[in-house]
Amino acid sequence: MSTSGTPLRTSSDSPLLRVRKLTLRFGGLTAVSEVDLDVQPGEIAAVIGPNGAGKTSLFNAITGIYEPTSGEVELDGNDVRLPMTGKVVAGWLATGLASSLLFLFIAAGIDATWKAVVKAHPPWEFTISGAFSDLFAHFATGNALLMLLFSLVGFAIGALGARAVWLRSRRTPQGVALQGVARTFQNIRLFHHMGVLENVLVAMDRHLRRGTVGSGSAAKSALDGRFPHGAWLDLGLPAVCVVAMAGLGWTTGDGVDDETLPSILLLVMLGAALAWLVRLTRRGTLTGSSRVVEAVARQEAMELLKFVGLDKRAGDLANSLAYGEQRRLEVARALATRPKLLLLDEPAAGMNPSETVDLMALVRSIRDRGVTVLLIEHHMRVVMGISDHITVLVHGKRIAHGTPEEIRRDPKVIEAYLGADDGGH
Amino acid sequence: MTTESLLLIFAVLSPIFPVFDLAGEAAGLQLHLDQRLVTIFVYGILVVALNVQVGYAGLLQLGIAAFFGIGAMATGVMTVDKYPFHFGFWGALVCAPLVAAVAGVVIGAPTLRLRGDYLAIVTIGFGEVLRTVLINLENITDGPRGLNPVPEVWTPSWLRDWIGAGDAGEANLLVMYYTALLVLVAAVVVLKVIENTRIGRAFVALREDELAAACMGLDPGRIKLMAFAGGAALSGLAGCLYATNLTTTADPTNYDFNNAVMVLCCLIIGGLGSLRGALLGAALLIGFDNVLSPLLDRAIQVAVGDASHPLARFSSWRWFLFGFALIFMMRLRPEGLFPARRVAAELHDEPEEA
């Protein structure tokens with residue numbers, strides 16, 4: 001899985017997106033029925049069909065919003081669902097152990113255990129090893145069967161609960177997005193009360209987190225020796241001082257006789273904390289490295305806005321944009337995740353003819369950036385003009401697949417969709 | 001209001017409050033303004049903490065007092081003489097938020113799938129359960145008596161002498177005052193910075209459109225948990241200062257639903273999602289509760305002579321006044337006094353879209 005740099009192009013034999021026998025049912029209604037779809041890397045593919053044919057449902061199933069009733073979705077030969085690794089199973093077991101421990105203490109009585117372990121001796125006679133032997137002695141006095149039963153039940157609840165949550169979140173929109181699929185929405189779903197630039201930056205979140213913003217020399221300078229140690233230095237010094245002071249409290253009680261060492265620790269801690277606060281206000285980010293990363297990310301976001309022609313509106317609120325501009329901002333936001341595959345859900349809806357021409361140019365230039373495009377569209381001029389391959393859905397079933405020329409001539413398509421006059425354009 | 005100006009306000013304002021106290025003493029009034037202001041600062045941290053959850057991430061959380069109580073109780077357990085831990089104030093100041101954050105993760109992880117009203121109900125339930133648990137774990141928490149004495153803020157004796165000019169009681173009050181103020185300022189500065197970083201943007205994006213945010217690769221569960229745990233940690237910090245200021249963990253009924261509603265009132269009146277709004281709300285409501293109403297009580301007592309009747313006490317009317325203020329705000333200015341730009345836009349856009 002490529003997470004950074006330019007999107008990868010794989011060899012053309014294997015499709016980038018491979019959908020097999022995808023079925024999606026809502027109760028008795030079958031929205032998508034056993035649909036196959038291959039999208040080759042570097043192409044512009046389209047899905048067309050009359051209203052209610054299941055196009056958007058297919059998109060939602062691909063991007064993980066809906067869980068398909070059956071069928072497979074593969075990206076670059078990998079299932080888009082999270083793989084079940086040893087780490088995942090270890091996570092279930094750890095959750096189970098933590099919850100079994102809690103249940104064990106409940107069975108032994110939390111209050112009684114505390115009394116037997118912490119309050120059994122005067123505070124100055126407390127030792128950690130003594131506490132453990134008191135703990136086991138207390139457990140020995142309890143009802144062994146009850147405690148065993150509770151621990152087992154606790155383990156089962158924790159482990160099975162963690163497993164159930166994981167199974168339900170195996171296919172998630174964010175999981176699919178992280179594998180390199182970005183999308184736009186039929187009804188525009190921008191973050192309306194955020195700025196135009198902020199909308200793009202939100203989509204770069206993953207790259208900001210990992211520091212993989214920018215490209216070429218910009219990326220190098222962002223990461224050059226500055227990532228990710230700043231935060232540890234900032235907070236490490238006060239933390240060490242506090243731990244040392246707590247340790248002194250532990251060994252000597254609260255009445256410290258010699259105040260020299262704690263005084264120095266306190267002053268160093270307060271000084272370091274204040275210096276950190278002042279530096280925070282100066283640079284406006286939590287760490288020095290995140291400031292550099294943020295600056296490069298803003299630059300990259302501006303380039304994306306320029307690419308879709310919105311760089312002049314960067315500071316405006318998203319809901320102040322015109323309709324066509326909002327659609328283009330959605331495209332820029334999707335591109336900011338650095339997808340391998342971009343799904344466009346009716347990008348030309350509500351656009352006038354000249355905007356539509358611009359859109360076609362935009363989709364082509366997206367493809368030329370190395371991003372494969374799959375789009376749903378009703379404008380036949382757009383679909384026939386830019387698509388390399390077209391898939392036709394009717395009533396949730398795929399009735400045809402081919403180049404625009406083949407689709408135009410396909411009698412089934414003409415009958416079902418385009419109408420008797422071969423019209424639509 | 002930039003964070004720099006906040007630091008400036010801190011530096012400028014802090015030395016004048018003891019002067020008020022001295023003036024009050026000269027006039028025959030025991031003001032103890034610095035002690036009362038500590039309560040305002042503590043609640044300021046609590047309101048700011050709730051703002052992380054409700055204002056930034058849009059999680060309607062009504063159990064904030066539970067995390068406040070966990071922080072206070074953890075401080076008590078870690079510092080009182082009768083237990084062997086003796087972390088001291090500074091150790092507790094670091095550990096109490098961690099304990100509260102862990103509690104936040106434990107409560108938050110299974111409830112994050114719930115939205116809006118359901119999350120509110122779960123968190124109310126958690127608050128009530130926690131209060132009962134704290135009362136009933138008598139061996140740990142000493143039940144309604146609370147753990148005491150919680151030690152004061154440890155400072156070297158030379159510093160203490162210098163601050164209090166030899167008066168131990170005054171030194172205690174002032175050290176507590178400056179510590180609470182410093183923690184509040186630190187919390188505000190850090191949150192102010194976070195507002196404009198990746199995490200702050202993720203919170204807002206999630207509040208605006210969770211599905212679109214997820215499709216852009218943001219993990220809603222993780223971000224909500226971050227907000228929940230962060231708010232819980234800040235509440236724990238406030239709890240630590242609260243217990244230290246009172247020198248006891250107090251009766252667990254102090255951490256009940258009323259308290260949570262009070263904090264929510266401060267936030268709503270001040271302005272959801274806005275730091276200065278949160279601070280203003282805390283200053284107005286808690287200031288009214290802690291500074292103004294005792295003074296008014298006193299004035300009534302002086303005027304009437306006998307104020308034993310509950311209705312003659314001004315403080316008996318506080319919930320009425322809070323409720324009235326809340327209804328008034330909802331009617332006239334639902335976004336609060338100092339709203340965040342975005343929240344105000346959201347509140348005013350919705351009727352048109354609906």
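Helices (H or I, at least four residues) and strands (E, at least two) are DSSP runs, numbered from the N terminus. This is a predicted model, in which local features need pLDDT of at least 70, side-chain atom pairs count only at pLDDT 80 or more, and totals for chains, interfaces and linings use all residues. Residues are numbered from 1 along each chain as its sequence is written, and chains are lettered from A and ligands numbered from 1 in the order in which they are written.

**Exercise 1.** State how many helices and strands chain A has, and what share of its residues is buried.

Solution. Begin with the secondary structure: chain A has 17 helices and ten strands. Next comes burial, where a residue is buried if 20 or more other C-beta atoms lie within 10 Å of its own, exposed if 12 or fewer, and partly exposed in between, with C-beta atoms placed from the backbone. Of the 425 residues in chain A, 40% are buried.

**Exercise 2.** Describe the open sheet of four strands in chain A.

Solution. Two strands pair if DSSP finds at least two bridges between them. The strand order is 2-1-4-5, with antiparallel pairing. At the edges are strand 2 (29–39) and strand 5 (78–79) of chain A, each pairing on one side only. Seven bridges link strand 1 (residues 17–26) of chain A to strand 2 of chain A. Within strand 2 of chain A, Leu37(A) lies opposite Val19(A).

**Exercise 3.** Describe the open sheet of six strands in chain A and the helix that packs on it.

Solution. Here the order is 6-7-8-3-9-10 and the pairing is mixed. Strand 6 (181–183) and strand 10 (397–402) of chain A each have a single partner strand, so one side of each lacks a neighbour in the sheet. From one strand to the next the twist averages 20°; angles run from 0 to 180 degrees between N-to-C directions, and axes are lines fitted to C-alpha atoms, for helices over the stretch in contact. Strand 3 (residues 44–48) and strand 9 (residues 389–394) of chain A run parallel and are joined by four bridges. Ala46(A) has Ile390(A) as its bridge partner in strand 9 of chain A. Helix 1 (residues 55–62) of chain A packs on this sheet and touches strands including strand 7 (341–345) of chain A, with whose direction its own makes about 150°.

**Exercise 4.** Describe the side of chain A that touches chain B.

Solution. Two residues are in contact if their C-beta atoms, placed from the backbone, lie within 7 Å. The contact takes 52 residues from chain A and 47 residues from chain B. Helix 11 (260–283) is one of the elements giving two or more residues to the chain A side, and its seven residues are the largest share of that side. By class, the chain A side has 26 nonpolar, 13 polar and 13 charged residues.

**Exercise 5.** Classify Leu296(B) as buried, exposed or partly exposed.

Solution. Leu296(B) sits in helix 14 (residues 275–304) of chain B. Leu296(B) counts as partly exposed because it has 15 C-beta neighbours inside 10 Å.

Methods: Ala, Val, Leu, Ile, Met, Phe, Trp, Tyr, Cys and Pro count as nonpolar, Asp, Glu, Lys and Arg as charged, and the others, Gly among them, as polar.
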